Amino acid sequence: ALVNFYHLISIPGRPFSEKMSRYIFKQILTGVDICHKKEYFHRDIKPANIMLTHNGDSKCFNIKLTDFGYVASPEEVHMNNSKLKFTVGTLPYMAPEIIRKRSYTGEAIDVFSLGVCFFVLLLGLEPFKWAERQDPFYNLLMKGDYVQYWQCIVKQLQEWNIAVPSQEFVDLFLRMIMHEGTNRLTLSQVLSHGFFNGEYPS
């Protein structure tokens, strides 16, 4: 059966354990990595575009990435010397360079969107409404005040009685949603992050 990822995380709370989130997210990353190596960049990664298939056993999820309507092709990438310009995506998952109508690389904006999806996958909440200064949460990230940002997140989690995730998760997430695209982790760096050395569902 196919299950839309968006429906699984529509109610605040932790829809998956950290073990299961690690398993699911690594599948998502691996699929996106295959696309990137073929020089296709999705540009609209969000929960509504991620489908989970299972055979009745919640431990056996497989992932399908859908809706490639905004994908950047190798021809488009080469035509622009790896810099893309079109404003595409969905606001809560859109990288700040797109919102500001600056040129960007496909990898950097996909990593940003994946970071937001990762947060939502594990916690069932959005880390901010949109990546601009007017958003009080993202404004803290723009100023580099990661400690205060995370303190605000923890307060929000406590209000919802949601368990605070591991420090490995926090480190990975913050490195994926850095304000400057050049400062974000690459996809290969994300995949090799220590978070993925943790436990997986048995």
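Here, buried means under 20% relative accessible area, exposed over 50%, and partly exposed in between, using a 1.4 Å probe and protein chains only. The views come from a predicted model, where local features need pLDDT of at least 70, side-chain atom pairs count only at pLDDT 80 or more, and totals for chains, interfaces and linings use all residues. Residues are numbered from 1 along each chain as its sequence is written, and side-chain values use heavy atoms, with hydrogens and water left out.

**View 1. Helix α5 is largely enclosed by the rest of the structure.** Of the 18 residues of α5, 17 are buried, so that's why this helix counts as largely enclosed. Helices here are DSSP runs (H or I, at least four residues), and strands are E runs of at least two, numbered from the N terminus. From first C-alpha to last, α5 reaches 26 Å, close to the 26 Å expected at 1.5 Å a residue (1.5 Å times one less than the number of residues). Just after α5 comes G124, with a positive phi of about 75°.

**View 2. Helix α5 (residues 106-123) crosses helix α8 (residues 167-176).** Their axes come within 8 Å and cross at roughly 145°; axes are lines fitted to C-alpha atoms over the stretch in contact, with angles from 0 to 180 degrees between N-to-C directions. On the α5 side, the residues that meet α8 include F112, F118 and L122, while F169, L172, F173 and M176 take part from α8. Contact means heavy atoms within 4.5 Å. By class, this contact has 11 nonpolar, 1 polar and no charged residues (Ala, Val, Leu, Ile, Met, Phe, Trp, Tyr, Cys and Pro are nonpolar, Asp, Glu, Lys and Arg charged, and the others, Gly among them, polar).

**View 3. W130 sits in the loop between α5 and α6 (136-142).** W130 is partly exposed because its relative accessibility is 26%. Not counting residues up to four places away in sequence, W130 touches L91, I99, D135 and Y138. The C-alpha atoms of W130 and M94 are 7.3 Å apart, though 36 residues separate them along the chain.

**View 4. H193 lies in the segment after α9 (187-191).** At 12% relative accessibility, H193 is buried. Leaving aside neighbours within four places in sequence, H193 contacts E168, D171, L172 and L185.

**View 5. R43 has a positive phi, near 75°, without being a glycine.** Look for R43 in the loop between α2 (18-37) and β2 (50-53). R43 is buried, at 6% relative accessibility.
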